[in-house]
Amino acid sequence: ALSGISIAVNSGGNSCTASSGTLSISGGGGSGAAASYTASSGAINTVNMVSTGNGYSGTPIVQVSDATCFGATFSVSFVENSRGQAGVTRLVSSYTATVSGTVANVVESFPYVPDGSYQINTAPAIL
């Protein structure tokens, strides 16, 4: 799996005049990450990852396209991209689980998926 990145707003900064723009992402050993943002009341409030990119091994530099926007800070986290497909998420709409054991110790088995590119969240049922 290749390491992409995800960016979130820590502090929205101030004095932003544009209501939206792009984030310039450079460094970190990878490429292909792209993000946009929205701002209101002079501060950045959301980041939209257009592409998580791949090959990142260090923290990239994130810059805001609006030169009037000061003090915005971001957190960068690494994400694993299966099969080199940056930012692709596959949803599994149905599966069959075999459940055995007690409520305190549930053992579940799921069908094999070759690239392991999904996450399953389960909660034990009280019978």
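Trainee: What should I know before reading the numbers?
Mentor: The model is predicted, so local features need pLDDT of at least 70, side-chain atom pairs count only at pLDDT 80 or more, and totals for chains, interfaces and linings use all residues. Residues are numbered from 1 along each chain as its sequence is written, and side-chain values use heavy atoms, with hydrogens and water left out.

Trainee: How do you know how far to trust residues 83–127?
Mentor: Look at pLDDT, the predictor's confidence in each residue, from 0 to 100. It stays under 50 over residues 83–127. Where pLDDT is low, the predicted coordinates should not be read in detail. For the protein chain, the mean pLDDT is 75, and 61% of the residues reach 70 or more.

Trainee: What makes the pattern of the protein chain β-β-β-β-β-β-β-β?
Mentor: Helices (H or I, at least four residues) and strands (E, at least two) are DSSP runs, numbered from the N terminus. The protein chain has zero helices and eight strands. Read along the sequence, that gives the β-β-β-β-β-β-β-β pattern.

Trainee: How do you know that S3 pairs with strand S4?
Mentor: Two strands pair if DSSP finds at least two bridges between them. Nine bridges join S3 to S4 (residues 43–54), and the two run antiparallel. Thr-38, for one, stands opposite Thr-46 in S4. S3 and S4 form a hairpin, with two residues between them.

Trainee: Why is Ser-41 called exposed?
Mentor: Buried means under 20% relative accessible area, exposed over 50%, partly exposed in between (1.4 Å probe, protein chains only). Ser-41 has 81% relative accessibility, so it counts as exposed. Ser-41 sits in the loop between S3 and S4. Its phi is near 50 degrees, a positive value in a residue other than glycine.

Trainee: Why is Ser-40 called partly exposed?
Mentor: Its relative accessibility is 39%, so Ser-40 counts as partly exposed. Ser-40 belongs to strand S3.

Trainee: What makes Ser-15 partly exposed?
Mentor: Ser-15 is at 41% relative accessibility, so it falls in that class too. Ser-15 lies in the loop between S1 and S2. Its phi is positive, about 70 degrees, although Ser-15 is not a glycine.

Trainee: How do you know that a disulfide joins Cys-16 to Cys-69?
Mentor: A disulfide is a pair of cysteine sulfur atoms within 2.5 Å. Here S to S is 1.9 Å, and Cys-16 is joined to Cys-69. The pair links distant parts of the chain, 53 residues apart. Cys-16 is in the loop between S1 and S2, while Cys-69 is in the loop between strand S5 (61–64) and strand S6 (70–81). Both cysteines are buried. A search of the whole structure finds one disulfide.

Trainee: What makes a set of residues a nonpolar core?
Mentor: A nonpolar core is a set of buried Ala, Val, Leu, Ile, Met, Phe, Trp, Tyr and Cys residues joined through side-chain atoms within 4.5 Å. The largest one here has 14 residues. Ile-5, Ile-7, Leu-23, Ile-25, Ile-44 and Phe-74 have the most contacts inside it. Strands S1 (2–14), S2 (20–26) and S3 (31–40) each give two or more residues. S3 gives the largest share, four residues.

Trainee: Which residues is Leu-23 in contact with, leaving aside its neighbours within four places in sequence?
Mentor: Contact means heavy atoms within 4.5 Å. The partners of Leu-23 include Ile-7, Ala-35, Tyr-37, Val-47, Val-62 and Phe-74.
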